[in-house]
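Trainee: I'm new to this one. Could you pick a single part and take me through it closely?

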Amino acid sequence: MNAPFPHDRLVSAAGTPRQPRNILMLAQSFQAPYRVMRCAAATGAKVFLFCNDEARSLALSRFCAGYRDFSFEPEPAPDAAAAEIESFCRAHKIDMILPADAIATRLLARTRHLLTTPVFPIPDLATFDQLVTKDRFMEFCRANDIRHPEGHILASRDALIAAIRNGCIKLPAILKPINRWGSVGVVKIDESNALEIAAKIDYAPILVQDFIDGEDRSISIFARKGAVTKQVTYCYPNNEFTFQREPELARIVGEIAANLKLDGVYNFDARIEADGTVWLIECNPRFFFTMDAAMVSGANFAKIEIADGARSHFSRVEAGPDGPIITVADGQLRQPEALLKRLLRGRLPNRMDRKMLAHWLRDPVYFLLAVAGYKRRWNSAALEGLFIARKRAA
């Protein structure tokens, strides 16, 4: 369980809570940390980066105040990492350190007891490791009588093909890597395509899970010492977000948070059957890929809420078992690609669509590069160097 860390809150000279003015964000990856950076910047803070080669492209954003190269692999020794981080924090008057992805979160879980700069609330190392991979989360659910699809691990693609040919896998089934984010590598197989898809699997080990017929849901929470203070429940097929309440899913996740005394941000994926039965699928004990949509809709998970703070007209405060919970109201929101398809069908954007588009357009260079496929379909070292040279922090 999480032990309390006294310096993950900030206070003013008068002793009242305040938001950080300067944030150091640690990022090992690229796509999800961009959303984290935007949410951190939306609190009013200047955001600096410690990043590796891949994440360095975040410096292209106008919301990056500066960056420093930092190596996450091989995993740095806690003492050395803490010394490097603290030196930067002193030089740049950093108020809070924030991890933008799983590897950065684990690093801070290993080093925060050596840091004097406040760290955004995160799980302790044991809790993080218990929840972060799909196989460990499956074991956690089994041990705690939480519905989770049955599954097992196969060591290689050859082992998977052999299991299919021998009839050892109940079809349909879901194949997954155990440690990739989002839906990367996740695929459904059935009688018609199992061997064909298995032959194309490019990761190992492979988690094989029973297929649950139902609808996808995600719930993201912010918790302090097990009490959920912020939550949003949604589904997002084709980049079209629908926010809605799922009381049973919220209850299950709330009990997990209370039992583990969770601190920080957690995202849970689930499947819900037609009769309402909830099956948890995985947990991401870190900031999540869709947090920019949640922020635009009224819940900024990079912000540590201060009592009586402003609330968006898209969010509301509801009673929870341990106190008030900020939650997003029912509604829909579309990312720009989905919004364009809607417009081409002759349908007008709603209020939340317009806010999402405005959010992207506030970072115009980065938005245009993303639309053009930068870091997906093409790359330009010269372009990257031109912008990044202006962002480097001393």
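Mentor: Let's start with His359, which is buried at a relative accessible area of 3%; buried is under 20%, exposed over 50% and partly exposed in between, with a 1.4 Å probe and protein chains only. Keep in mind that this is a predicted model, where local features need pLDDT of at least 70, side-chain atom pairs count only at pLDDT 80 or more, and totals for chains, interfaces and linings use all residues. Residues are numbered from 1 along each chain as its sequence is written, and side-chain values use heavy atoms, with hydrogens and water left out.

Leaving aside residues up to four places away in sequence, His359 touches Arg38, Asp292, Met295 and Val296 (contact means heavy atoms within 4.5 Å). His359 sits in helix α11, which covers residues 351–361. Helices (H or I, at least four residues) and strands (E, at least two) are DSSP runs numbered from the N terminus.

Now look at what packs on that helix. Helix α10 (residues 336–344) meets α11 at an angle of about 130°, and their axes are 10 Å apart; axes are lines fitted to C-alpha atoms over the stretch in contact, and angles run from 0 to 180 degrees between N-to-C directions. That makes α10 and α11 oblique to each other, since under 35 degrees is roughly parallel, over 145 roughly antiparallel, 65 to 115 roughly perpendicular and the rest oblique. On the α10 side, the contact is made by Pro336, Leu339 and Arg342, and on the α11 side by Asp353, Leu357 and Trp360. Sort those contact residues and you get four nonpolar, no polar and two charged (Ala, Val, Leu, Ile, Met, Phe, Trp, Tyr, Cys and Pro are nonpolar, Asp, Glu, Lys and Arg charged, and the others, Gly among them, polar).

Strand β5 (residues 151–154) pairs with β8 in the antiparallel sense over four bridges, where pairing takes at least two DSSP bridges. Strand β6 (residues 173–177) also pairs with β8 in the antiparallel sense, over five bridges. Follow Gln209 in β8: Gly151 is its bridge partner, and Ile174 stands opposite Gln209.

Pro205 lies in the loop between α7 (194–198) and β8, and the bond from Ala204 to Pro205 is cis, with omega near -5°. Pro172 lies in the loop between α6 (157–165) and β6, joined to Leu171 by a cis peptide bond with omega about 0°.
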